[in-house]
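Below are a few notes to read alongside the coordinates, arranged point by point.

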Amino acid sequence: MKTDIILSGVGGQGILSIATIIGEAALKNNLYMKQSEVHGMSQRGGDVQSNLRISDAPISSDLIPLKKCDLILSLEPMEALRYLPYLSENGWIVTSSAPFKNIPNYPEDSDVINEVKKVKNSVLIDVEAIAKEVGNTRCSNIVLLGAALPYLGIPAEYIEDAIKTIFARKGEEIVNMNLAALNAGRGESINRFHD
Amino acid sequence: MQKLLLLADEAIALGAIDGGLSGVYAYPGTPSTEITEFIQMNRDAQARGIHSRWCTNEKTAMEAAVGMSFAGKRSLVCMKHVGLNVAADPFMNSAITGVNGGVLVLSADDPSMHSSQNEQDSRYYAKFALIPSLEPSNQQEAYDMAYYGFELSEKLGRPILLRITTRLAHSRSGVVRKEMMSQNKTSFPNNPKQFILLPAIAKKNYADLLASQSKYVDNSENSPFNTYYDGDNKKRGIIACGVTYNYLMENKELINGSPILKIGQYPLPRKQVERIMTECESILVIEEGYPLIEEMLKGFLGKSLKINGKLDGTLPRQGELNPDSVASALSGKKAEPVVIPEIVRMRPPALCQGCGHRDMYEALNAVLKQYPEAKVFGDIGCYTLGALPPYGAISSCLDMGASITMAKGASDAGVFPAVAVIGDSTFTHSGITGLLDAVNENANITVVISDNLTTAMTGGQDSAGTGKLEAICEGIGVKKEHIRVLVPLKKNFEEMTSVIKEEIEYQGVSVIIPRRECLQTLKRKKKQ
Ligand SMILES: Cc1ncc(C[n+]2csc(CCOP(=O)(O)OP(=O)(O)O)c2C)c(N)n1
Ligand code: SF4
C-alpha cells in the first residue's frame, strides 16, 4: 500500500495533531513514513500544510509530486482547494465545511463550498457541530480524521490504537471521547458516500 | 530495532547526544531551532549534564563552542543560515585554530525563503573556510552524520560544517539509534599555541590547513556518505546532493540507467567526480541552493563537457527543488504550470489578535500621522508583520539589529523623525552595539523596544535580556528620563501616544519599552 496525504489548514488550527496520530499508527505497524511539516512564520495565521506519505515500501521524497496525492485532508475548505493541483485523478478531498476568515477578501462561503463540490470525490463535513454532539469542539480534528478513515489506506483499528496510545496520558474519559469523535466522523463520511 | 519518528533536526540532536556531545550552543532560527529544543528536553542529555541554554547570538554561540573544544570536549553550534553571517568571524578563524574536542557547526538553509530574508547556501562557507562539510539526504543520515561528525572533526583536527535545508529539517521519518559514546574528558591542546592567532602562529596554522586539503578530499573519496551507483547508460551522468537524491529516486522511471554520484560529504570526492566526468557524455547536477558544484565542474570558460543544472535553466535557479522540478530536468519536458483554483486567496501570516505589538503599532501610527516625513526602521521578529496591512508601519527589515543603526544613519542624513522598532531578543542579539553608536553621537532617534518577554517568532524561547533592558540602556548611556516603559493595551492608548510624541520631540536618543508578554508564550506556560 501507499497513501500520499496533504494535510491543510490555517496556522493555529492544529493540523499536526492529526499527523501525529497517523504517524503513530504507521510506525507502530512497521509502515514507512515521511512527514514534512511547516514551522515558523506561516504558523501565525497563514496557510499551512503538511505532506504525509505512508507506504509498505521505502519512501524517497519528503514532498508529494503534483497529481499524486491520494487524499487532501483539510480543516478549512478554501485551504483544501489550494492543493488541488496535487490531487490525483481518483484522489479524495475530505474537508471541514467551516470557513476560517482571517483575511479581508475571503470569498463568498457558498462559492467556496460549490468549488469543493465540483471535485469528483469530495466530502464536506461540519466537524465542529459533530464534535459538539460528541462532547467537545476540541475533538474537531479527530472528527475530520474519522471522516477520512475510508480513504487512508490503513485499517481503522490502527488509528484507534494510536488514539489510545497518544491520549492515554490524559485519562480514559478523554480517550473515549476521541474514539467517539473518530467514529462519528467516520459515520458521517460513509453516509455521505451513499447519498 | 525500534525506530523513532524524528524530524531531521531532532535526529541531529539525538545523533550528537549519542556521539558524546558535551554542549550545544545556539541562537534560535527557523529551521534550526528544534535541535537545541530537543537537547534541552532530552533525559539522556540532562543526565549527562549537556549544556543547552540559549546564547545571546550566533557569534557568542560559536565562540563558546570553540571554548568547549579547547577544553577537549565535543560541542555543537546551531543556527539558521543567516546566523552564520553573524558567527562568520569566529567560524572562519576556528578553521585556522583547528579544534581540540570535536566541533560540529550546523547551519540550516532555507531555500524558497519560507521564513528568511535570503536563500544563501552554507556550503560556500565551508569552502570559504577550507573545511569539510556534510549534507544529509534523510533523517537517518542526519543522525549518523551528527553521531560520527565529532570523530571526523577530531580526526581531521577541524570544525565540520553540517548543512541541512528546511525540507529535511522539518520532515519526520523513522530513525534507528546507535549506542551512546562516552563524553570526552577535559584535555588541553598538545600545542599550547594552537588557539593563539597572532600572525606568526596563524601563518603556520594556515599553512597546515592548506596542506591538509588533499587529506580532506581523500577522506571524502572514502566516505560512506558519498556513493557511486554505476549505470549502463553513459549518455548522462547524474550528481545529486543531500535531499535532492530523494527527488531523483522519486523519479526512478526517468533515470534510464544513468550512473549516479550521490554526494553527502565535501570537499567533492575527486576520484568519483573524475570517473563520472570521464565516462559520461554529459552531467546533470542536482543541488539544493546555489549552483556550487555546477560552477566548479563547468569552469570559468564552460568548455568542459556539457553540464546541465541551474545555470542553464534545466533546474530553477531560485527556490527549493521538488520531485516535479527534478522530473522535468530528467525528462526534458517542461513542468506543467501549477494552477490553483482562482477562488483561492492568499492568506499571509499576521500578528495574533490581542498581541502587544499591535497596540504598539496602533499608537505609533497614530502619532506619526502628525509627522508625514517620519520613517520607521523595522527589525526581525513577529513585529516585522507590522509591514503588512492594516499597519504598513515599517520601511525596512535588513538583518537583526539593523533598525537602530539604519535609523541612526538616516537621521545622520537628515531624516526626522527617525524611529526604530526592535524586539527584546533582537535588541540583545545585535541592537546593543548600535544603540551605543547612537548614544555616543547623541543621534536624534527614537527606539521602540517592543518587549514581549520572549523570542516569539521562533516559538517562544527565553530571551537573553528579560528583566535587564532598562539597565542595559541606562548602562550604555541613554538618559534615564528618556527610557519610558509602557504597557501596550488599548486602555493605555492615550498614555502611549503622548509618551511616543514626547520622545520623538526630544532631541537625542530615547528608548520606549512597551512591555507585555506574548500571548502564545503565556498560553503555553498556563498549559504546563
Ligand atoms: C541572524 C539571525 N538569527 C536568527 C534569526 C531568526 N529570528 C528571526 S526573528 C527572531 C527573534 C525575534 O525575537 P524578538 O526580537 O524578541 O521578537 P518577537 O518575535 O518576540 O516579537 C529570530 C531568532 C534571524 N532572522 N537572523
Ligand atoms: S506569537 Fe506572540 S508576539 Fe508573535 S504575534 Fe502572536 S502574540 Fe504577538
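This is a predicted model: local features need pLDDT of at least 70, side-chain atom pairs count only at pLDDT 80 or more; totals for chains, interfaces and linings use all residues.

1. The unit is made by S17(B), helix H20 (residues 493-505) of chain B and S18(B). Its two strands, S17 (residues 483-486) and S18 (residues 510-514) of chain B, pair in the parallel sense over four bridges.

2. Ile483(B) has Val511(B) as its bridge partner in S18(B), while Leu486(B) is partnered in S18(B) by Pro514(B).

3. The pair belongs to a wider arrangement. Five strands of chain B form an open sheet with parallel pairing, in the order S14-S15-S16-S18-S17. Strand S14 (375-377) and S17 of chain B are the edge strands, each pairing on one side only. From one strand to the next, the twist averages 20°.

4. H20(B) lies across S16, S17 and S18 of chain B, and runs at about 165° to S17(B). Helix H18 (residues 424-440) of chain B lies across strand S15 (418-423) and strand S16 (445-450) of chain B, with an angle of about 145° to S15(B).

5. Chain A is represented by Arg44(A), and the chain B residues include Cys352(B), Cys355(B), His357(B), Cys382(B), Asn452(B) and Cys518(B). Leu351(B), Ala456(B), Leu519(B) and Gln520(B) are also in the surrounding set. By class, this shell has seven nonpolar, three polar and one charged residues.

6. For the overall layout, the domain assignment of chain B gives domain 1 (4-211), domain 2 (227-331) and domain 3 (356-526). The centres of domain 1 and domain 2 of chain B, taken over C-alpha atoms, are 27 Å apart. Their contact takes 19 residues from domain 1 of chain B and 15 residues from domain 2 of chain B.

7. A closer look at the domain 1 side of that contact: helix H7 (123-129), strand S5 (133-134) and helix H9 (166-169) of chain B are the elements giving two or more residues to it. H7(B) supplies the largest share, three residues. By class, the residues on this side divide into seven nonpolar, five polar and seven charged.

Notes
Residues are numbered from 1 along each chain as its sequence is written. Chains are lettered from A and ligands numbered from 1 in the order in which they are written. Two strands pair if DSSP finds at least two bridges between them. A crossover is right-handed if, with the strands pointing away from the viewer, the path from the first strand over the helix to the second runs clockwise. A residue is near a molecule or strand if its C-beta atom, placed from the backbone, lies within 6 Å of it. Ala, Val, Leu, Ile, Met, Phe, Trp, Tyr, Cys and Pro count as nonpolar, Asp, Glu, Lys and Arg as charged, and the others, Gly among them, as polar. Axes are lines fitted to C-alpha atoms, for helices over the stretch in contact, and angles run from 0 to 180 degrees between N-to-C directions. Two residues are in contact if their C-beta atoms, placed from the backbone, lie within 7 Å. Domain bounds come from an automatic or database domain assignment.
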